[in-house]
Amino acid sequence: MLKQSEEGNSIRLAEKFLELLAEKFDINYPRSELQTALDQIERKLLAEWAELYCEQSRSYVDDLLPIWEQIPETRFRELSFGNDRESVESIESVESDKSDDSAETLPAIQFGKGDQQINIEGRIDRIDVGYKDGQELFTVIDYKTGKIPSVKNEDISAGTSLQLALYAVAVMRLKLLGENATPWQVGYWGIKEKGYVAKFVRNSKKGPQQLAEETLAHWEEMLENVLPAMVQSIRQGEFPVYSTNEKCIERCPFNTICRVNQIRSLPPQLEKIWSFQKNIE
Ligand code: SF4
């Protein structure tokens with residue numbers, strides 16, 4: 001359970017959220033009646049989310065506190081990398097508190113070698129930092145307004161769900177938190193659902209688990225191979241017609257015209273998947 005002071009923080013968080021919301025919507029500029037009505041609806045929905053978000057935050061902190069030595073500190077929000085278009089060279093280190101609010105730019109992350117080398121840019125919604133047994137840890141969080149995707153390790157090698165793995169590797173390669181910070185977890189925060197959900201770790205009665213070192217090493221290796229291969233496939237005009245969701249056609253109103261549905265019965269090798277995926281076990 002949260003201590004009283006933490007409860008107070010949680011209430012202040014909701015109040016601050018509502019304050020910022022009012023500030024945003026109270027800006028006076030010409031609007032149509034329709035736009036005003038839409039604004040009112042949006043404002044109401046966002047105000048409802050303030051309470052929900054506080055609940056979600058409370059449960060996220062409650063889960064972590066028996067393990068971490070402190071309440072997680074959100075060190076970065078909406079952090080872009082690869083926005084330094086003049087230079088894609090690696091940086092030695094980046095001091096703390098970089099966010100889109102600052103004028104700092106971060107280089108792209110490079111994957112692959114030689115003429116296969118590619119630069120990847122992205123934006124990380126949130127990075128939380130804390131300590132366990134003196135070790136600095138970080139969690140990469142991506143907000144989702146819709147359903148939280150289900151992801152597994154095979155999705156990394158197949159190139160179908162790279163975001164969280166890429167962000168964890170990006171934080172380490174950019175040395176955003178220094179040399180010694182280790183990933184604790186990566187996960188999605190379903191803002192209309194139950195908040196933070198860790199991915200790539202097993203659910204355990206012992207509480208939240210840390211990402212395995214082997215998982216991270218596997219991600220690095222996979223991203224080194226998969227990302228350049230994907231880019232090369234796209235450059236060669238490969239755009240496979242494929243959906244991993246075998247059941248998506250059941251309720252889809254477009255299923256009679258969708259090409260995914262039309263070629264579903266064909267074997268994957270018939271240009272339904274990227275060429276590099278044919279070599280994946
Ligand atoms: S458009 Fe096609 S791939 Fe997308 S959900 Fe509908 S049937 Fe599935």
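Reply: A residue is near a molecule if its C-beta atom, placed from the backbone, lies within 6 Å of that molecule. The residues around the ligand are Ser-243, Cys-248, Ile-249, Cys-252, Phe-254, Asn-255, Cys-258, Val-260 and Asn-261. By class, this shell holds 6 nonpolar, 3 polar and no charged residues; Ala, Val, Leu, Ile, Met, Phe, Trp, Tyr, Cys and Pro count as nonpolar, Asp, Glu, Lys and Arg as charged, and the others, Gly among them, as polar.

The model is a predicted one, in which local features need pLDDT of at least 70, side-chain atom pairs count only at pLDDT 80 or more, and totals for chains, interfaces and linings use all residues. Residues are numbered from 1 along each chain as its sequence is written. The mean pLDDT of the protein chain (the predictor's confidence in each residue, from 0 to 100) is 83, and 85% of the residues reach 70 or more. Over residues 87-103, however, pLDDT stays under 50. Where pLDDT is low, the predicted coordinates should not be read in detail.

The interior may now be considered. The protein chain contains 6 helices and 7 strands, where helices (H or I, at least four residues) and strands (E, at least two) are DSSP runs numbered from the N terminus. Of its 281 residues, 23% count as buried: a residue is buried if 20 or more other C-beta atoms lie within 10 Å of its own, exposed if 12 or fewer, and partly exposed in between. In soluble globular proteins, nonpolar side chains tend to be buried together.

A nonpolar core is a set of buried Ala, Val, Leu, Ile, Met, Phe, Trp, Tyr and Cys residues joined through C-beta atoms within 7 Å. The largest one here has 42 residues, and those with the most contacts inside it are Val-140, Ala-165, Tyr-167, Ala-168, Val-171 and Leu-223. Among the elements that each supply at least two residues of this core are β4 (122-132), β5 (135-144), α4 (163-173) and β6 (182-190). The greatest share comes from α4, with 8 residues.

Because 8 of its 11 residues are buried, α4 is largely enclosed by the rest of the structure. The buried residues of α4 are Leu-164, Ala-165, Leu-166, Tyr-167, Ala-168, Val-169, Ala-170 and Val-171. Several of them meet Val-140, which touches Ile-124, Ile-127, Leu-164, Tyr-167, Ala-168, Val-171 and Val-186, not counting residues up to four places away in sequence; such a contact requires C-beta atoms, placed from the backbone, within 7 Å.

Phe-138 lies in strand β5 and counts as buried because it has 24 C-beta neighbours inside 10 Å. Beyond four places in sequence, Phe-138 is in contact with Ile-127, Asp-128, Val-129, Val-171, Leu-177, Ala-181, Pro-183 and Trp-184.

Most residues other than glycine have a negative phi. Lys-175 counts as partly exposed, because it has 15 C-beta neighbours inside 10 Å.

Further along, β6 and β7 form a hairpin with 4 residues between them. These strands run antiparallel and are joined by 5 bridges, whereas pairing needs at least two bridges found by DSSP. Trp-189 stands opposite Tyr-196 in β7. Strand β7 (residues 195-199) is mostly covered, with 4 of its 5 residues buried.

Technical notes:
Two residues are in contact if their C-beta atoms, placed from the backbone, lie within 7 Å.
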